[in-house]
Amino acid sequence: MIVLVAALLVMGIMLGAVVQLPASVSLVAGALIGCWLIAFAVRERRARRG
């Protein structure tokens, strides 16, 4: 339960920071994070198969 509360707190802080940035910066940052997550998932999937 504590982990859930901490995750929600961190998410709220991150969303508060995003509101202060211009939309284009937020979209670019989101795209970069998405690409990083996809690359991480692909690397992990390859490691499990090999």
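Me: Which helices each supply at least two residues of the lining of the largest pocket?

Reply: In this predicted model, α1 (2-20) and α2 (23-49) each contribute at least two residues to that lining. The lining residues are M14, L15, A17, V18, L21, S26, A29, G30 and I33, and the space in the largest pocket comes to about 180 Å³.

Me: What makes a residue count as part of the lining?

Reply: A lining residue has an atom within 4 Å of a point of the pocket, and M14 and I33 are among the residues listed for the largest pocket on that basis.

Me: How many residues of each class does the lining of the largest pocket have?

Reply: The lining of the largest pocket has 7 nonpolar residues, 2 polar residues and no charged ones. Gly counts as polar under the classes used, whereas Ala and Met count as nonpolar, so G30, which is in the lining, falls on the polar side.

Me: Why is A17 called partly exposed?

Reply: A17, which lies in helix α1, has a relative accessible area of 41%; buried would require under 20% and exposed over 50%, so A17 belongs to the class in between and is called partly exposed.

Me: How do you know that V18 is partly exposed?

Reply: The place of V18 is also in helix α1, and its relative accessible area is 37%, a value to be set against the limits of 20% and 50%; V18 is therefore partly exposed.

How values were computed:
Residues are numbered from 1 along each chain as its sequence is written. This is a predicted model: local features need pLDDT of at least 70, side-chain atom pairs count only at pLDDT 80 or more; totals for chains, interfaces and linings use all residues. Side-chain values use heavy atoms; hydrogens and water are left out. On a 1 Å grid over the protein atoms alone, a cavity is a set of points where a 1.4 Å probe fits but cannot get out, and a pocket is an open set with protein on both sides within 12 Å along at least five of seven lines; lining residues have an atom within 4 Å of a point. Grid points are joined across faces, edges and corners, and a volume is the space filled by probe spheres set on the points. Helices (H or I, at least four residues) and strands (E, at least two) are DSSP runs, numbered from the N terminus. Buried means under 20% relative accessible area, exposed over 50%, partly exposed in between (1.4 Å probe, protein chains only).
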